[in-house]
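Hi everyone, thanks for coming.

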Amino acid sequence: MKIYISGLHSGTNPQPGVGIARSVRAGYPGAEIIGVEYSNRSSGIHWTDFDDIWLQRPWAELNLPQYAAQIEKVLDAGGWWISGSDLESLWLADVFSNGHPQLLTPPLAALEQTAKPNIAARGALPIKIPTFVTTELTDWELHAFCREHDWRVWLKGPYYEAIRVRDWGTLEHFRQVLSSGWTTERLFLQAHVSGYEQSISFAAYKGELLECVYMHKRDLTEENKTWAGETSEVSEDFKTKLRQMVKDTNWTGGAELEMVCDPAGQLWLLEINPRFPAWIHGSTLTGKNIPATLIEAASGIKAQKPLTTNRQFSRVILEVPVRARFPLPPLPEPLPAALGHSLKHPAGLTALAEKLHRRNQTAVCAQTQNTASVPAIPTEFLADLEKFDLAEIETPASLFLQQTATDLFQKAAKFAQAASRPNLKIVNAYSIKTNPDARLIKLAKENGFLAEGISPLEIRKALTVGFKPEETILNGPGKWWRQEALPKSALRAIFADSINDLNRIISALQTGTLKAKTVGLRLRTPNVASRFGISIDSPGAFQELVAAVRTLPRENEFGVHFHFASSNIGLGQWWHLFESMLGWSASIERLSGRKIELLDAGGGWFPDDLNRSFTDQMGNVAYRVEEMLPNVRQIVFEPGKALAQPSFAVAMRVLEINGNEVVVDGSIAELPMYFFYPHRIVWQNSRTGVWQPLGRGNTQLFGRLCMEHDVVGTNVGLPAEAEPGDALVFFDAGAYDQSMSYIFGQG
Ligand SMILES: *Cc1c(COP(=O)(O)O)cnc(C)c1O
């Protein structure tokens, strides 16, 4: 019996070839096992169970038709073939489109159904697919997906690679790396599922399930690969459905279902690999030799049965002598890139992927919907933009979108009013630092907002625009800087950022140098790292806090403030944090004996989230506060960027077009938030004057500054008709893009 086994890469993220060979050897001690590899750097070629090694050129250099003919010859001569590589299986399925009796890999139709992320092959298995979207969506929509899923998301490639992305910059970077590595734009983002990683491996022959095993991971490598595990039986119910799936797909060969089991016991499918997993010999060691079962079913020759009662296995590192025929080459130069094993796999898997794409586009990642990748620009943005005559404006320039801003402030006021209750008023406070432009502060005043400042100078600015001292709230750790700018009469509220700060506020109140109706505490968020506010997450700190609250003058109301940007932690986590803050506040109230009359929930909402999720739930906020903190009379929300961000745009002009590299007269000095979230961009056709939204493309927009990182747009679809002098407008630039912009490179 002659058995060919491929996929011999044996690093910390190994292919299964060595494990398959060990299992086949255990079942058939006399078999001739040939290892197939495409690089002499795959250390599995030195493994002793291989009687011989069939070493090919790397995929990039391999003559595929010639190689296919050679494989056909060895199959015709009675050799069996077990593939340890997804892409090789895919290629073989394509080459042998009618199968081959000696080829123990799934047919093409079955492989197509394992394409991620939808994995149609799962059929009726009691298993869900975590929510996903294709990265062909617009940046704006992708960012929304990440916020909605608490920035617990994975960026995944079509075959391999899963990268946890926690922020926009990382997402943009790895999207670029993966799509150029795998020559496809068809990546996807998938919501993270918390839970335990588990796998099922099985073997099937011509649509019949032969054997399967369940494996709970017990230890992991840094890349989350199995290091130790425990095997068990697959439940009868699951097995019945698996049998059906195998039948429906007419599966032949090994397979692995990679899953996560969430705390409620629900299974989530991450992928179906069309080959045995690298830990497969762990199954043999614990009683089920699945590769041997496959050979047995195909050949009719009985395999030796494994004898063991142990159900757990672990890995160790082994040194093996190098085969004399394949002496080691020197270290590779340059050293492979740091990302993932398959992009740097010595056999050149990406080259094979590219060849497969050219052969058969649909075979690989067929299931992403074809969506328009041009962002929808709100009509009110465009209406405001029409009011400017760009020809008259020196660029770069910031454009105030008057009607957009007015509508936003009015809407916020309306929502606060609608969600208020007879004894519980909801009010907005405009955060001055987000954008201290007097036009926004004035809109806040006109719409019944309070003004929220993080320094005495900001409070003074609010007063200049028309706020009264009793309509201002002072916050943050810097409230004693330029203290002389504070008004003499009472502020609406002041929040302490530390116990020292609280003591200082109390003594200033006693000496009369400071007046405020409400004195409160900013609580430091437990479990979410923050440098602000007073800690509550140790008994000692909590006790100190309660003791300090007891010293608060009786004439002052007491209040609580917390703030953490939902745009950073996501909406789900924000609501969770809000609930937990209510709980902590209720304890503070009980233990200190001071009623909490004011609750301030900070800001940090992305504009679309405030519109969608937040205003929907405002009523629920009031209801929860009434329940948990019945003494609260006023809830303050401090939207800053939710209102300011859409209110300004930045106009620039194209200076020069060098192919895909386009230089503009704007820069990151006018758009410092470029790195943190996407901005919707429109380009003006200079002939027609029409503004056209830009989707994704190959253009890089370089800023005018002589700095490497001055890039204001990557992968932008600038139309071919664009010319130097054309105007570009970046929307969503009214918050920190304005307040944190700086003057640079202007002499
Ligand atoms: C900055 C700030 C806000 C506003 O935050 P945005 O992210 O601009 O919405 C609200 N409250 C406090 C205390 C702040 O420091």
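Let's start at Ala383, which sits in helix H11, residues 379–386. Helices here (H or I, at least four residues) and strands (E, at least two) are DSSP runs, numbered from the N terminus. Ala383 counts as partly exposed because its relative accessibility is 42%; buried means under 20% relative accessible area, exposed means over 50%, and partly exposed is in between, with a 1.4 Å probe and protein chains only. Thr404 is 21 residues from Ala383 along the chain, and their C-alpha atoms are 8.9 Å apart.

Quick housekeeping. This is a predicted model, so local features need pLDDT of at least 70 and side-chain atom pairs count only at pLDDT 80 or more, while totals for chains, interfaces and linings use all residues. Residues are numbered from 1 along each chain as its sequence is written, and side-chain values use heavy atoms, with hydrogens and water left out.

Okay, on to the ligand. Which residues are closest to the ligand? They're Lys433, Thr434, Gly604, Glu638 and Tyr736, out of 14 residues that surround it; to be counted, a residue needs a heavy atom within 4 Å. By class, that shell has two nonpolar, eight polar and four charged residues. For those classes, Ala, Val, Leu, Ile, Met, Phe, Trp, Tyr, Cys and Pro count as nonpolar, Asp, Glu, Lys and Arg as charged, and the others, Gly among them, as polar.

Now some individual atom pairs. Thr434 has a polar side-chain atom 2.7 Å from an oxygen atom of the ligand. His563 places a side-chain N or O atom 3.2 Å from a ligand nitrogen. With Gly604 it's a backbone N or O atom, 2.8 Å from an oxygen atom of the ligand. How much of the ligand does the protein bury? Taken alone, the ligand exposes 380 Å², and 93% of that is buried by the protein. Those areas come from the Shrake-Rupley method with a 1.4 Å probe; for residues, only the protein chains shown count as cover.

Next up, charges. Side chains of opposite charge can pair when their charged atoms come close. A search of the whole structure turns up 33 salt bridges, each being a side-chain nitrogen of Lys or Arg within 4 Å of a carboxyl oxygen of Asp or Glu.

Take Glu233 and Lys288, whose side chains meet in a salt bridge at 2.9 Å, N to O. This pair links distant parts of the chain, 55 residues apart: Glu233 is in the loop between strand E11 (226–232) and helix H7 (236–249), and Lys288 is in the loop between helix H8 (280–285) and helix H9 (290–299). Buried or partly exposed, which is Glu233? Glu233 is partly exposed, because its relative accessible area is 43%, whereas Lys288 counts as buried at 9%. Both belong to a network of salt bridges that also links Glu211, Glu236 and Lys239.

For another kind of pair, look at helix H13, residues 438–446: Lys442 and Glu446 both lie there, four residues apart, about one turn of the helix. Their salt bridge has its closest N and O atoms 3.2 Å apart. Lys442 is partly exposed at 46%, and Glu446 is exposed at 52%.

Last one: Arg704 and Glu670 also form a salt bridge, 3.1 Å from N to O. Arg704 is partly exposed at 24%, while Glu670 counts as buried at 13%.

Terms used:
A polar contact is a pair of N or O atoms within 3.5 Å; within protein, one must be able to donate a hydrogen and the other to accept it, and residues adjacent in sequence count only if both atoms are side-chain atoms.
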